[in-house]
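Hi,

Here is the structure I promised to pass on.

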Amino acid sequence: MSGAKSIVSMNNAAFGYDPAHPENLAVKGVSLHVERGEFLSIIGHNGSGKSTLAKMLNGLLLPVSGTVEVNGYQTTDESHIWNIREKVGMVFQNPDNQFVAPTVEDDIAFGLENRGVPQDEMEGRILDALEKVDMTDFRFHEPNKLSGGQKQRVAIAGMLAIEPDILVLDEATAMLDPRGRAEVLEVVRKMNQILGMTVIQITHYLEETLNSDRIVVMDQGQIVGEGTPEVLYQQVDWLRKLGLDVPFACDLKFRLGAIGIRLPGYETTSEGVLQAIWTSSLIK
Ligand SMILES: Nc1ncnc2c1ncn2[C@@H]1O[C@H](COP(=O)(O)OP(=O)(O)O)[C@@H](O)[C@H]1O
Ligand SMILES: [Mg+2]
């Protein structure tokens, strides 16, 4: 993809945590271009550099070499760092210490205030965001006293209220049950489709990536593969070698293919595969 119209453009960007050992890099010369409105997933086993890369996207970590550009501005350009932070909304895996205010509502309001959202728009946006993540009843609760999953929902609501141009979710649904994850993902997908919000999602639940426009695979600080889910998840053996397990529905489909049973179409869920088998000529 061309770098020119990309909303995010990483060019040979590297980052290491230890200045005394500059050879130890957590992200090693990554080039990644994300298009406006794209739904991108990043996968890779623990320690492959995904979170480091995420933090490079809003200038929380600055590249030691190479460049990271958001909306055409380099993250190292101090005069534009606030502009970048405003554009990129991040939700992290651990929702603790993401809260600053005594109530859920105040916390979301704080984020809106920081971005100059007019006072009279705030309440509507807050209530709307809380409803999206099913947390309306917790409006006046203290964020720090919520469960891990509830905290994650509030953190996500905070970002949805802001409607950032780019939403980065770094294992942001890890503490939710499967149904909660599916609900939150559905909301995010709608924001992507309706508002054209660019989404960069890091997850270790590969089935959550099946509706992405593109998936990027990281290993040892580098991008080692990328493609659409359809193409990428055919490389079952290669993904397993990287410590990644292909979603059950894909695996089943490819196993059937290996014994000569070809299912038409592309199914992303076990039910979908079952339905395809059921309606195929195999059963009749
Ligand atoms: N704050 C930190 N200080 C030092 N090393 C870190 C820090 N955070 C991550 N690392 C190291 O950087 C590498 C990449 O980590 P990370 O980006 O968290 O990977 P992932 O999110 O894919 O699990 C790992 O080797 C990890 O140990
Ligand atoms: Mg991580």
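Which polar backbone atom is 3.1 Å from an oxygen atom of ligand 1? That one belongs to glycine 49. Before going further, some ground rules: this is a predicted model, where local features need pLDDT of at least 70 and side-chain atom pairs count only at pLDDT 80 or more, while totals for chains, interfaces and linings use all residues. Residues are numbered from 1 along each chain as its sequence is written, chains are lettered from A and ligands numbered from 1 in the order in which they are written, and side-chain values use heavy atoms, with hydrogens and water left out.

Back to the ligand. Two side chains also make polar contacts with it (a polar contact is a pair of N or O atoms within 3.5 Å; within protein, one must be able to donate a hydrogen and the other to accept it, and residues adjacent in sequence count only if both atoms are side-chain atoms). Lysine 50 places a polar side-chain atom 2.8 Å from an oxygen atom of ligand 1, and tyrosine 17 has a side-chain N or O atom 3.5 Å from a nitrogen atom of the ligand. On its own, ligand 1 has 560 Å² of accessible area, and the protein covers 53% of that (areas come from the Shrake-Rupley method with a 1.4 Å probe; for residues, only the protein chains shown count as cover).

The shell around ligand 1 consists of Tyr17, Ala26, His45, Asn46, Gly47, Ser48, Gly49, Lys50, Ser51 and Thr52, where a residue is near if one of its heavy atoms lies within 4 Å. By class, the shell has 2 nonpolar residues, 7 polar and 1 charged. Here Ala, Val, Leu, Ile, Met, Phe, Trp, Tyr, Cys and Pro count as nonpolar, Asp, Glu, Lys and Arg as charged, and the others, Gly among them, as polar.

Next, the sheet. Four strands form an open sheet in the order E2-E1-E4-E5, with antiparallel pairing. Strands (E, at least two residues) and helices (H or I, at least four) are DSSP runs numbered from the N terminus, and two strands pair if DSSP finds at least two bridges between them. At the edges are strand E2 (27–35) and strand E5 (73–74), each pairing on one side only.

Going across the sheet:
- Strand E1 (residues 6–15) is joined to E2 by 6 bridges, with alanine 13 opposite valine 30 in E2.
- E1 also pairs with strand E4 (residues 65–70) over 5 bridges, and valine 8 stands opposite valine 70 in E4.
- E4 and E5 share 2 bridges, and here valine 70 stands opposite tyrosine 73.

Two asparagines in this sheet region are worth a click. Asparagine 71 sits in the loop between E4 and E5, a hairpin with 2 residues between the strands, and takes a positive phi near 55°. Asparagine 12, in strand E1, has a positive phi as well, near 50°.

The largest pocket has a volume of about 670 Å³. Its lining has 24 residues, and Met90, Asn114, Arg115, Met159 and Ile162 lie nearest its centre. Helix H2 (81–87), strand E6 (88–91), helix H3 (104–114) and helix H5 (148–162) each supply at least two lining residues. The lining divides into 13 nonpolar, 7 polar and 4 charged residues.

For both terms, the search ran on a 1 Å grid over the protein atoms alone: a cavity is a set of points where a 1.4 Å probe fits but cannot get out, and a pocket is an open set with protein on both sides within 12 Å along at least five of seven lines; lining residues have an atom within 4 Å of a point. Grid points are joined across faces, edges and corners, and a volume is the space filled by probe spheres set on the points.

Cheers
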